[in-house]
Every structure is written in structure tokens, then in C-alpha cells.
Amino acid sequence: MVINMGNIQAENEEIQKNMREVARNLLNDKKVDMIIGYAQGTVPLSSSPIFIRNVEEVDNLIWDNLCYVNLARYVVPPLTEFVDNEKVNLKVGIVSRGCVARSLIHLAKEKQVNTENIKIIGIPCNGVVNRRRIEKELGEKEVLELSVSNDKVIVKGKDFEKELPYQDYLNELCKTCKVKSPPMSSSLSDVIVGDSLEVTSVEDDFADLVNFESQAPDEKWKVIKELLSDCTRCYACRQACPMCYCNLCFVDQNKPIWFGKTSDISDIIVFHLVRAMHMAGRCVGCGSCSSVCPMGIDLKIINRKLEKIVKERFDFTAGLDLEVMPPMMTQKMDDSEDFMLGEH
Amino acid sequence: MVSNKMKERILEKDQIKQFHEDLARYYNFYAPTKVKGNFVFKKITNPDDIDLNYLNSKTPPKEILFPRMETLFTYKMDGKEIEIEPRTDLEEKNIIFGIRPCDAYSFNLLENFFNFGEFKDDIFLKKKENTIIMGLGCNSPRSTCFCTSLDYNGHPHRKDDVDIFLTDLGEKYLVNPISDKGKAIIDKLAWLSEANEKEVQKAVELSDEAESQISTELDLENTADILDPNFNHPLWGEVSENCIGCGTCTFLCPTCTCFDVVDEVDQYNDKGKRVRLWDTCQFCQYSLETSGHNPRNSKIERCRNRVLHKFSYYPKNYNMIGCVGCGRCIQLCPVNNDLREIIKKINLIKNKSKKEEVTVA
Amino acid sequence: MLSPYIPMLTTIKSIVSENEANDIKTYELVFKNKEDEEKFNYIPGQFGEVSLIGKGECPIGIASSPTEKGSIKFTIKKMGTVTSAIHNSEVGDTIGIRGPLGNGWPVEELKGKNVIVIGGGFAFSTLRSLIYYMLHEDNRADYKDITVIYGNRDCSEILYQEDLMEWEKREDIDVALTIDCAEEGWDGRVGFVAPIVEAVNPSPENAVAIVCGPPIMIKTTEAVLDKLNFQPEQILESLEMRMKCGIGKCGRCNIGEKFVCVDGPVFSQAELREMHGDR
């Protein structure tokens with residue numbers, strides 16, 4: 001079911017109602033022991049991931065355009081596993097917009113998540129608002145309330161009110177999103193409840209990268225340097241990403257020490273670029289990394305560029321199909337080898 | 001320390017350039033400025049960059065005197081001999097201009113901490129000694145500010161921790177000399193005109209108005225007493241459930257001081273330095289021992305450690321709560337893990353005797 | 001104000017391998033600067049932050065006793081980055097020390113008491129310092145009976161074998177060595193430390209037990225001492241935590257509000273029971 005009422009607010013209410021209904025049924029039928037979703041944030045421009053265990057709590061689940069955390073994060077290491085007292089794995093329902101479901105599917109392929117223990121509660125996402133951009137543009141004024149109406153985002157403060165065009169103020173990655181609902185293929189019919197899309201591959205012209213790609217290498221280097229210069233190495237981006245589940249991240253290793261931990265620009269760039277390489281073929285473009293960054297660094301250029309390279313080389317998009325082996329996990333004899341130096 | 005009361009002055013907003021020019025000659029002049037949309041404190045070379053039209057800076061001003069990366073000493077190698085060179089720049093004079101009262105108080109906290117015990121952190125203390133703090137009152141506190149709830153008589157216009165205090169009257173600032181150091185500076189800037197009664201009165205009104213706007217009130221009177229016997233309370237599992245274990249709350253906290261120490265080597269030139277870097281108890285390697293044992297193995301222990309550190313250990317060791325009420329952790333936590341909610345939950349616990357402690361799974 | 005972060009430089013005078021596996025060595029260090037040596041007044045149980053400049057620092061208990069003048073000894077096991085680098089050093093190389101740090105064994109309060117020193121494995125180094133100190137002719141009269149119980153996995157792992165042989169010959173100290181399992185050529189006691197403590201059966205009267213070793217050994221020994229009626233105030237332990245600054249500033253070694261590097265590493269059982277913390 002695709003909801004397109006042209007009226008974001010009405011869409012949100014419909015989505016929220018359906019989602020709660022699905023959640024209630026899952027808990028009542030004991031198909032899941034716990035549901036991970038979003039609750040109303042206690043601070044403007046935020047939402048809070050919650051863990052629901054009783055039907056009575058289902059009405060705490062919300063959907064608005066500020067649900068930016070990728071909830072798949074909570075079912076992978078190194079966060080605490082959901083087990084009961086007899087150490088039996090709990091069955092978990094996860095409120096999933098398209099990208100969250102794609103994360104779960106890709107993680108299942110990487111054997112980090114057992115599809116038997118997961119129920120993807122699909123919702124047809126209508127976008128996540130770019131909270132960092134709004135904060136930066138309003139700067140000295142505190143936003144106390146954000147609401148959407150028709151196709152506008154309305155921000156209110158103590159003594160101001162402003163209307164912003166909805167499509168414009170979405171997260172950058174949401175603007176190029178092609179998979180708004182969880183992708184469904186035959187083997188996943190058991191897993192997904194609620195809304196989903198039949199999709200096994202996407203078309204993408206990557207038009208948003210044209211500007212960056214047209215620049216000379218040293219210009220590109222300047223762009224990247226400028227982008228990452230105020231990184232504080234808090235690792236919120238890494239911690240929020242469901243694909244970053246290594247028990248010991250490469251930056252934390254000390255036998256040997258691969259890279260520096262300092263906040264020198266060279267160390268910062270190395271961290272982000274190497275992490276991006278680890279994301280190649282795995283990033284689903286959820287934008288969590290950029291939404292959680294306290295300094296508002298938007299990593300979309302780096303992630304989108306890698307997504308494009310993987311699409312061109314391997315015709316692969318992460319998290320669409322449980323049947324397809326991700327290119328970074330396999331080697332085929334006809335894999336492109338144009339990086340090899342030939343005997344010309 | 002306050003000998004004779006000096007009359008307040010007026011600093012017109014278009015005089016800030018002159019203000020900076022006169023002082024930057026002798027001092028490293030730090031002030032808030034907008035960098036890629038974020039307000040941060042930077043050393044100002046061009047006074048047009050100064051922007052006091054802000055609620056509070058993203059990164060706390062502790063980074064001026066306790067930077068993210070700081071050299072402890074440098075060294076040179078000559079065969080088997082090593083020569084160590086300590087810091088030589090600690091005598092430089094600094095001005096921190098336009099800092100909010102909560103952040104100004106954080107410097108008190110930091111100074112107290114680094115001065116505590118047998119070993120004094122000379123690097124921070126020397127820099128602090130050479131620093132003049134010029135505060136700016138908050139006319140419009142954020143919804144997440146709670147300086148008035150804390151034990152240090154916090155107030156959006158608190159003047160106790162600064163050398164000079166400014167109040168934004170609209171087109172100009174009222175300049176209040178507080179300490180002797182502050183008065184000495186004002187003396188040097190003889191071109192500052194004197195303030196009149198009306199202006200002084202307006203500042204008082206703005207101060208009262210600001211206080212009434214603080215919407216977050218926390219009851220912290222009994223929190224320290226409730227925390228100690230409830231170390232193993234299941235509440236810690238609840239409040240840490242959605243934590244993702246990043247370092248945002250601690251890196252952006254004005255009072256967090258934990259650091260890591262690493263040696264950086266320039267082996268081609270036979271020299272190097274030992275640096276300290278901000279570290280956080282929220283990372284899992286923070287307390288990981290070489291044997292593999294980790295006393296704080298899960299996020300429950302780590303989240304608990306942060307709250308206890310500020311609201312239980314600090315009061316026990318230094319007789320003060322280790323929080324200034326700036327609200328950054330509340331505002332910037334990526335998963336909206338709200339300290340105010342945690343405090344409220346803690347206050348709801350009735351004191352349990354030690355025998356009734358419940359172990360967290 | 002001298003910076004507490006700047007190490008004093010020393011030269012390695014000698015390196016002695018303590019075990020057959022050759023991964024535990026005792027380094028004897030001599031200060032390059034006479035003034036540093038005079039300032040470095042320590043008591044047994046304290047530790048130093050040992051630097052291999054360029055690689056890093058690690059906290060190591062001081063193995064020598066303050067009565068052994070002229071040099072400082074550290075017994076270092078090869079475990080991590082810094083210790084491995086130190087193991088690659090040779091006589092004549094430069095090592096940095098910051099210290100002395102920590103509170104040390106309470107040598108004053110132990111006076112007039114029977115001291116039972118219980119060690120396990122590699123954790124014996126600060127116990128060596130304490131025993132040497134108490135046995136010194138200036139100090140021996142201050143202490144009553146000294147009993148040493150020291151257990152190891154096997155006899156190739158026993159540290160300070162020469163010192164132990166000297167002590168076994170003395171009349172004024174009782175030494176009981178034990179290894180976990182019987183071995184050819186070993187005619188001493190066999191068994192884990194805890195049952196040997198029970199067999200030796202020290203009296204709790206006017207006594208203090210000092211326990212230092214791996215966590216499991218400490219746990220079982222505590223249980224035995226409890227059975228023998230030792231009060232929590234009579235049992236002292238030396239804790240280990242990850243440390244960086246060693247001076248109570250970097251924050252990581254805290255147990256509750258106490259820092260192991262400053263308020264410890266020596267704590268009594270009574271104090272440990274009061275401490276709510278993770279360790």
C-alpha cells in the first residue's frame with residue numbers, strides 16, 4: 001500500500017495508525033516479544049528509539065518526519081543482545097522504513113541477524129526532515145516545535161514562525177531515495193508485515209553527484225577536507241550505523257596501531273574515508289550518520305559516490321534481495337579487474 | 001577581592017572592533033564565531049568574525065584551555081639518548097570573550113579538578129591563571145537549560161565566575177567589571193563611556209526576565225543520596241536501553257575531562273611528542289585492560305558511570321555537582337537520551353537498604 | 001610547578017629473565033639525573049608509569065625495595081604494545097619513569113603485626129618489595145612473624161627464585177611455595193594457593209593478610225581467610241585497572257568515586273566492600 005495523499009500530515013497520521021495496529025497484532029498474537037520503534041522526543045527536532053514489551057505501550061509509537069535513527073542498529077553487535085532469562089533469543093519487531101529494512105536484509109545476508117527472530121514492520125516512509133540544516137539556518141533562534149502541514153515544514157520558536165518547503169528540507173539522502181518502503185521478495189514474505197514494495201533492483205542516475213564529479217582531483221580533496229574539518233571523533237556516525245558492527249573498530253586497534261586517534265585533519269580524513277570503503281556495497285543511504293552528527297557533517301557525497309561505483313561495477317544495490325550475494329562477500333571469475341595493471 | 005566598586009561602562013556594538021583591536025595586541029582573543037553553521041569558540045584575528053548573537057556554542061569553551069588534542073611534551077632522540085622538552089607556551093595571555101555563565105562556571109569546576117590532590121595539572125592551571133573571562137548574560141535561555149537547578153546558584157546572569165560581565169541591552173552592551181583583573185582591563189580601555197542609571201536598570205530587568213524563562217526545573221537535593229545505595233537498580237538498564245555508545249554527551253560536556261595519552265612519533269626526524277586526546281567513558285575500550293578484562297563491559301555500566309560521576313562521585317570528592325546545567329547533552333544526544341528524564345526516574349526511587357539490591361541482568 | 005606528566009629518564013643497567021618462557025623480565029633502572037634519584041622516595045606497593053618514549057606508558061609495580069639503593073627494579077610481563085617494546089630493549093637503552101605513584105602497602109600500620117604475604121603468579125613483584133623492606137636489618141624488628149605463601153602454575157613460572165632461596169634459608173621468615181600440579185623434580189607443596197593457605201592455617205590474631213594475584217586466586221583466598229576468621233580490615237589487596245595518567249586526572253581507573261591510581265592500588269577488604277563500582 002502506497003500512501004500518497006499529497007498531504008504529509010495526513011499521511012503521517014495514516015502511517016502511525018496502521019503501524020500501531022500492526023504492532024498491536026504482533027504483540028497480541030505473540031509473534032514478537034518486543035517491538036523497537038520511535039517515541040516522541042523530549043527535545044524539539046528529535047525522536048527517541050523505544051523498546052516496547054506490552055500492548056499497553058503501543059500508543060507510544062509515533063511516526064513523524066523526525067524518525068532518523070536506523071533502528072537496525074539495535075539488533076547487531078556490539079550492543080546488548082535481546083535475550084530472556086533463559087538466554088533464549090527474543091523475537092523482535094522493528095518499525096522499518098525502506099532503508100531500515102534494507103539494512104536488516106543486508107545484515108541477514110552477512111549473517112549478523114537471524115530473519116527468524118526479526119519481523120520487519122514496514123512503513124511507507126515519506127521522508128526525514130534535515131534537522132541539522134534547519135538548526136544551522138536558524139542558528140541563534142531555538143526551534144521549539146516542528147510540524148508538517150500539506151507540503152510545508154513549519155518551525156516555531158518563542159517569537160518566530162517560519163514555513164519551509166518540505167521537499168527541499170528533507171535529508172539529502174532522502175531526496176535521492178528510491179526505496180521508500182521495505183523491499184519484498186519471495187523469501188521475505190514471512191518477515192515483512194505492513195507496507196512493502198516489490199523491488200529487486202533500482203535505477204539511479206546519481207545526478208546529485210554530477211557537481212562533485214566534475215571537479216578536478218585537488219578540488220575534490222578540498223571539498224572533502226572542508227566537509228570533515230570540524231569532526232570531533234565522537235564516532236556517533238559509526239555507532240549509529242547498523243553496518244558498523246565490528247567488535248573492535250580499526251581505529252581502536254592497537255596491535256598494531258593502524259591510524260592515529262588525534263583530531264588532526266589527516267587522522268580525521270583517514271577515519272572517514274577508510275570507514276567509507278568498509279561501507280562500499282553495504283551502505284543503504286539511511287542518512288543516520290549525518291542526522292546524528294553533533295557538528296552536522298553530511299557524509300552523503302562520500303557514501304553516494306561509493307554506492308555509484310558499486311552499482312556501475314557490480315550492478316548491485318545493498319539490501320534489496322536475500323537471494324543475491326553482496327559483491328564484497330564474494331568473488332566471481334568475471335569480476336571487473338580494471339584496477340589491475342596490464343602488460344601494455 | 002572586590003575593593004571599591006567601579007562604575008559600569010557601555011560598549012556599543014560597533015565598538016567591538018576597537019575592543020578587539022586594543023586587546024588582541026596582548027592577548028589571544030577567543031570569542032564565539034560561526035563556522036559552517038555551528039557556533040564555536042575560536043581565536044579571533046578578524047573582529048568581524050565575532051558573533052555574540054548566539055544561544056550557546058556547540059562545542060564547549062573548555063576546548064580553549066583543554067583542547068581536543070594537546071601536547072604534554074615533545075622529545076628529540078639522539079642515538080640512545082632522549083631529550084625531553086616541556087611546553088613553553090603556557091605563559092601566553094588569553095581572553096575568553098562572550099562566554100555564557102554556565103560555561104564560565106565550568107572553568108571553576110575544571111580548575112578545582114585539575115588542582116585536586118597531590119598532583120596538579122600544571123598545563124591547564126597555568127593557562128587558566130593567564131586567562132581573563134568575559135561573560136555574557138543569557139537573555140533567552142534554551143528550553144534545555146537548567147543552570148538554576150544546580151547547587152552553585154546558577155543563573156542566566158550569574159556574575160561570580162567572570163572577570164568582566166556583559167549584558168546585551170539591544171544596540172549595546174552593559175559592561176560590568178567584576179574582579180580586579182577585570183577592572184584593570186577596563187581601566188586600560190578609557191574610551192568606554194560610563195553607563196547611566198537607566199541602562200543599569202535595564203540589565204537588571206533582563207536578568208530577572210531571563211530567570212523566569214528557564215523552563216526546566218530539576219530537584220537535585222537528594223539525588224546524590226539516592227544514587228549510592230542504588231548502584232544495581234534496574235533503572236540503569238532502562239535508561240541505557242537506547243544508548244548507542246557514541247561520545248557526543250561527554251565530548252560536548254563542559255565539565256568532562258577524561259583523556260587518553262598517546263605517543264606520536266616522527267621517526268624520520270628522530271623526534272616526537274606525547275599528546276593527550278579527549279576520551280570518553282562511553283567507549284568500550286576506555287577501561288579495557290590488556291588481559292582482556294573490562295570492568296565496564298556493557299553500556300549499562302557505562303551509562304551509569306557517566307551519571308554517577310557527575311551526580312554522586314563529584315559531590316563525594318569535591319563537594320560540588322559535576323554539572324553546570326548547560327543542556328548540551330540533552331540537546332545533542334542522537335537518540336534523545338534525556339538527562340532530565342534520568343534524574344526524574346532516580347528521584348522516584350525510594351531508598352532501598354543494601355540487602356534489597358537487585359542485580360541487573 | 002614541575003609537570004607531573006614529564007617522565008624522569010633512566011638507563012637500563014641489567015635485564016634478568018625470570019621465567020623459562022622468557023616473557024617476564026626484571027629491568028634494573030638507574031636514574032640519569034642524581035636529583036631525580038634523590039626525589040624518588042617510594043614505599044613498597046607503589047608503582048611507576050614506565051615509558052618507552054615513542055611507544056607509550058604503562059603502570060608497573062615497583063619490584064625493588066626502597067632499602068635497595070642505587071637503582072629501581074621493575075618486573076615486566078610482555079603483554080601489550082608498550083611491554084612488548086620494552087622487551088625489545090637492551091642494556092643501555094633509555095626508559096622513562098613517572099612516580100612514585102599510588103598509596104603503597106601501609107608499612108607503618110603493619111608494624112607490630114604478624115604479616116602473611118600471599119601471592120599468585122606474576123603479581124608477586126610488589127610483594128617482593130614489601131618482603132625485602134621488612135627483612136632489612138633496620139626494619140625487621142618492627143614486624144612480628146612473616147609468612148609467605150606463593151603459588152604458581154608450574155615451577156618454570158616462579159619469579160625471584162634466587163631471592164626465595166635466600167629467604168628460605170632465614171630463620172625469621174616462613175616461606176611456603178606451591179605449584180598447581182605435581183611435577184618431576186619438585187618436592188615442595190602442590191595445590192592452588194587457597195587450599196595451601198588453609199593448610200598453613202595462619203592465625204588471625206594481630207595479623208594482616210596481604211593478597212595479590214589473579215582474580216580467581218584472590219576470590220578463593222578471600223573465602224579461606226574468611227573461614228579462618230580474618231576480618232575484612234585485616235585483608236589488603238592491590239588492584240589493577242587500565243591507567244593512563246596515573247595521577248587521578250584522566251579519569252579511567254575509577255571504582256566509584258575512588259581512583260585506583262591515587263586512592264589505591266592498595267585497598268583493604270573492608271574498603272572494597274564499601275565501594276560501589278565496576279571492576
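**Domain and chain contacts in the predicted model**

In chain B, 23 residues of domain 1 are in contact with 17 residues of domain 2, two residues being in contact if their C-beta atoms, placed from the backbone, lie within 7 Å. Helix 3 of chain B gives the most to the domain 1 side of this contact, with eight residues; helices (H or I, at least four residues) and strands (E, at least two) are DSSP runs, numbered from the N terminus. That side of domain 1 of chain B comprises twelve nonpolar, seven polar and four charged residues. In this classification, Ala, Val, Leu, Ile, Met, Phe, Trp, Tyr, Cys and Pro count as nonpolar, Asp, Glu, Lys and Arg as charged, and the others, Gly among them, as polar. Domain 1 of chain B spans 9-65 + 87-213 and domain 2 spans 223-272 + 279-356, with bounds from an automatic or database domain assignment. The centres of the two domains of chain B, taken over C-alpha atoms, are separated by 28 Å.

The model is predicted: local features need pLDDT of at least 70 and side-chain atom pairs count only at pLDDT 80 or more, whereas totals for chains, interfaces and linings use all residues. Residues are numbered from 1 along each chain as its sequence is written, and chains are lettered from A and ligands numbered from 1 in the order in which they are written.

Chain C is likewise assigned a domain 1 (8-100) and a domain 2 (114-238). Their centres, taken over C-alpha atoms, lie 24 Å apart, and the contact takes 17 residues from domain 1 of chain C and 13 residues from domain 2 of chain C. On the domain 1 side of chain C, six residues are nonpolar, seven polar and four charged.

Between chains, the contact of chain B with chain A takes 42 residues from chain B and 37 residues from chain A. Elements giving two or more residues to the chain B side include strand 2 (28-35), strand 11 (259-266) and strand 12 (271-278) of chain B. By class, this side of chain B has 16 nonpolar, 15 polar and eleven charged residues. Chain B also meets chain C, where 39 residues of chain B are in contact with 33 residues of chain C; the chain C side divides into twelve nonpolar, ten polar and eleven charged residues.

The largest nonpolar core has 201 residues, and those with the most contacts inside it are Ile94(A) and Leu104(A). A nonpolar core is a set of buried Ala, Val, Leu, Ile, Met, Phe, Trp, Tyr and Cys residues joined through C-beta atoms within 7 Å. A residue is buried if 20 or more other C-beta atoms lie within 10 Å of its own, exposed if 12 or fewer, and partly exposed in between. Helix 3 (residues 101-114) of chain B supplies the largest share of this core, eight residues. A second, separate core of 44 residues includes Val115(C), Leu130(C), Val208(C) and Phe230(C).

In helix 12 (residues 339-348) of chain B, the buried residues are Leu339(B), Ile342(B) and Ile346(B). They lie on the same side of helix 12 of chain B because they cover an arc of only 60° around the axis, the arc being that of the directions from the helix axis to the C-beta atoms. The opposite face carries the exposed residues Lys344(B) and Leu348(B). Cover for the buried residues includes helix 7 (223-227) and helix 10 (299-318) of chain B.
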